[in-house]
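Hi,

Here is the structure I promised to pass on. Have a look at it first, and then read my notes below.

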Amino acid sequence: MGYRRGIRLRNFLIAVLFFVATFLSGQGVAYADVAPPGGNGGPADALDSAIVQDAKFLTPDEASAAAEAEATGIPVEVPSLTTEVSLTKAQPDGTFAAELSSEPVRLKDGNGWHPLDTSLVPAMVDGANRLVPARVFADISLARGGSDVMAFIGDHKGAAVTQKWPFGALPEPVVDGNTATYQEVLPGVDLVQLVRPTGVSQVLKVKTREALADPRVAQMRFFLNADGSSVTDRGDGKGLVAKTASGAIALETAEGQWWDSSWDGSDAAGPGGPGLSYPLSLGLGVENGQQTQVLGMSPILNAPKLTFPVFVDPDWNAGESGYTYVDSHWPSVSYWNGGGGSDGSVHVGYLPAEWDYTYGVSHVTRGFYQFSTSALAGKKIIKAVMNTTEVWSPSCTGRAVSAYATSTVGSGTTWGAQPTWGTKFSTVTVAKGNSASCPAGTVGFDMGTAMSALSTDALWSVGLRADNESDSLGWKRFDNDATMVVTYDSYPSTPALWWIDNALYSPAKGQPGAVYYTRLSTPTFHIMSMGDPDGDAGGNLTMYVSVKNSAGTVVDSGTEGPGSPDYQTLFTWQGTKVLPDGTYTVNSYVKDSQGAASGTQSFAFTIDTTPPKAPKITPVSPGITAVTSTSGSTSAIPGQDAVQLTLSDGGTLGVDKFIYAVTNDGQVTAQPASMACGTANGPYIAVCASSNTATITLSPIDESTTISAWSVDAAGNVNEVKQSTTATTYTLSTGGEAPLPHTLLPVNVSGGAAWTDQTVCAMGSPDVASCTDPTNQRPGKVLNLSVPGAHGDVLTGAVDTSKAFTTAAWVKPQGGTGTQSIMTQVASSGGPGSRLGILADSNGAPQFALQGWTSSTAEKHVLNNASTGVQDGAWVYVVSAYDPLNKQLRITVSNKAQVTTWVTATSGVPFLASSATQPVRFGYLSASSADQFLGSIYRPIMAQGVLTSTQINNLKVSFDDNGEQGLMK
């Protein structure tokens, strides 16, 4: 239902981060390929789709009414959509029904909307006794006798006209409903005033030919006083208008009308029978300096045949109705809103000459109604029916009458200036209003064949024509108040392309010349629907997708769904065709179950499956001596000295960026194309290319360091083979080394911690079972932290954690849980700078970890991520390094079976600095945090710099020759 009982605007948070983790054999470097869909900025930012057309969501009023209608099963009015001519209700099935009227039918006051009521009641108006209608559109009051004031009519905006009887005071009227009859205002003449919703008719009822011959009747005029307006003549007897100072028409008269009593039922309200009346010209005169409304009585005086009484009807109105007809015998006469001799009804069909008792001429008429349909803009029209009342037919034998779409009608519509007749809506064969056998009644016309015009035109005109305009039985009179009942469904909102798989912007989104590339020839599109205002009641949505090439030809298309009508429902559609490289446009729209379609989004993208060449790696640093085209040597110290190399592809194909990795063995493989320039992930770093070239800065990490590199183009294609992981490698050998630790710092123990004697293996392992030959066994000192609260402290610092450092130790965990601190170097701030410890991985399994803090609350870490996790009771050698020049944190775990290294990327922000006075802590993190490690530690080392594997192996066997106990720095 609309807004799903006020559409559920659930906030759809798409957090799509493709993360691939792979563990490699041998020295097992783990890597992750981060591919944020949607290119730079990720999926939370919709791509820049061009929206062709959008739909309007429900207002809170509509949503509330829709929810109530669904809950109660009863139509509910939408107050904000109610006007003088329109009433809209939410339906229980989720649609809306608007009833549009061709003339005002209700009025609003301080207590809300009320039906119009033309009944006259006594009232005091400006200190005078008057008759006023109970509730009408115009400001109207009529005389109650005793003065020459006939009527006052105003527009409620300051413009008004007062009519006065030219022959003295009027008698007290006889009041019946909306009619006030002033009897014998002249001999044989009654004045009958009838209130309409938008004005007043002043009808002279001339009862005899003698009364008609009275000069006062033959030269009839009314005196006029205008307020807030000025009265002018339309010209050619077409009536009068009262205009404001701005020139706007506030009040008007159409041409007057007259009729006689030739047909039964004729009275002051209108002619009987077929409703034939005749035009009466109205003009503007001046008498004794006062304006007069002059009635053109000549046609009546000269009529060849009259049946008395004769009725003469000029009027004033506020011009708010929307109906008319045209008459072939009076080709230049406008009957707009009851003028020109109209009886106030709509005439349709053929009237033979013998029915025109006065002039004996035939007539062909066509009727029109006009409706304001601006409230239906942007709606999907499901059903539309126009209803009107047939008030007279010449028999009870049905004759066909058809409804058509026409162009706009108005006061200029005449037989000689008819609107354009368009699509025929429907035909009904009917006869009503002749007798008790076929009384007056409603006639409905189905507007189904042209419903689309209702949602695009601000005014909608419907024309009625007899199918046989020479058949007198087809003559019909319809009431002037028609209604259009329109059932509609709101259009879904236009979708937006959210991302395309394996696609990214180059240059970055929002930059000049940015293009959205994909390296897949059969792309997968993720398109976000922005919802349907009708919610569940509108039904599920189906997504329609098409792909056009640069020539505008559709090369692939399909549908996806149905899906939820909720706001931000994601549709995923993969094309079925293999598309060649080139530029394309994807278009999409959604339809609800009623067939209402959203606007269309359009987004341009480029398919590029051609990879660049493999990169060349060339040393540029003076500190590197080239040995071969793929190797070199340097004396740079690992973690301390930086060297530079150039990456290039030879200039044959475009390169957007390079990805490179620094490892000690070169065993890396990846598909890192989605990494953004300037980012690091695991051992991988992405750098932007300029003219297919980039210079990288790094540091050796061991005696032999391997630099692996890939070329990546704007579409994410990796060098040489489409989506290949083949890397170019360069081996860099170094003879430089960081200084070995040589100072033994005492570790003070407390809380149950103790240095204990233990027989160890002379080759460095504390596991004596690994060397069963007694000659290889010797005594050693092991720090045991076997009970909660046990810990050790070094009172002076070992390393500055803002610079490269290495931490190593033999570790045997023994039953601890949660986060555990093995060795912590305190930062100058007093909080931790770095920690070798145990942390839980994403599955909750304990893993060895190196942590470093960039602030008191921000940290970066690397886990060993072994499939078995940390094993209690087993000795392992753990070596970790912080290498800021290579933006790496590395951790290596050695056991009897293998040696495995894991790498993660650091940010460019260094870890917190440590001073020489800050302590190193064993078994806990800080004075206020236990983080207890339970187990044993043997030969702990903290060295400033990145130690090579040879240095670490030497330390494993050379430290503690004399049974020393403490931390080596």
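How many bridges join E9 to strand E10, and which way do the two run? There are seven of them, and E9 and E10 (residues 128-135) run antiparallel. Before I go on, keep in mind that this is a predicted model. One spot you can look up in that pair is valine 125, which sits opposite alanine 128 of E10.

Those two strands belong to an open sheet of eight strands. Going across, the order is E9-E10-E11-E12-E13-E18-E25-E24, with antiparallel pairing. As a reminder, strands of a sheet pair through backbone hydrogen bonds, either parallel or antiparallel. The edges are taken by strand E9 (117-125) and strand E24 (282-287). Each has a single partner strand, so one side of each has no neighbour in the sheet. From one strand to the next, the twist averages 30 degrees.

Now for the cysteines. Searching the whole structure turns up two disulfides. Counting the bonded cysteines along the chain, the pattern is 1-2, 3-4.

Cysteine 438 has 8% relative accessibility, so it counts as buried, the cut-off for buried being under 20%.

The other disulfide joins cysteine 677 to cysteine 688, with an S to S distance of 2.1 Å. Here the torsion about the S-S bond is about 120 degrees, so the disulfide is right-handed. Where do its two ends lie? Cysteine 677 is in the loop between strand E51 (657-663) and strand E52 (680-681), and cysteine 688 is in strand E53 (residues 684-688), so the pair ties together parts that are 11 residues apart in sequence. Cysteine 677 has 28% relative accessibility and counts as partly exposed. Cysteine 688, at 47%, also counts as partly exposed, because exposed means over 50%.

Cheers

Notes
Residues numbered from 1 in each chain as written. Predicted model: local features only at pLDDT ≥ 70, side-chain atom pairs only at ≥ 80, totals over all residues. Heavy atoms only, no water. Pairing = 2+ DSSP bridges. Helix = DSSP H or I, 4+ residues; strand = E, 2+ residues; numbered from the N terminus. Axes fitted to C-alpha atoms, helices over the stretch in contact; angles between N-to-C directions. Disulfide = S-S within 2.5 Å. Buried < 20%, exposed > 50% of the residue type's maximum accessible area, 1.4 Å probe, protein only.
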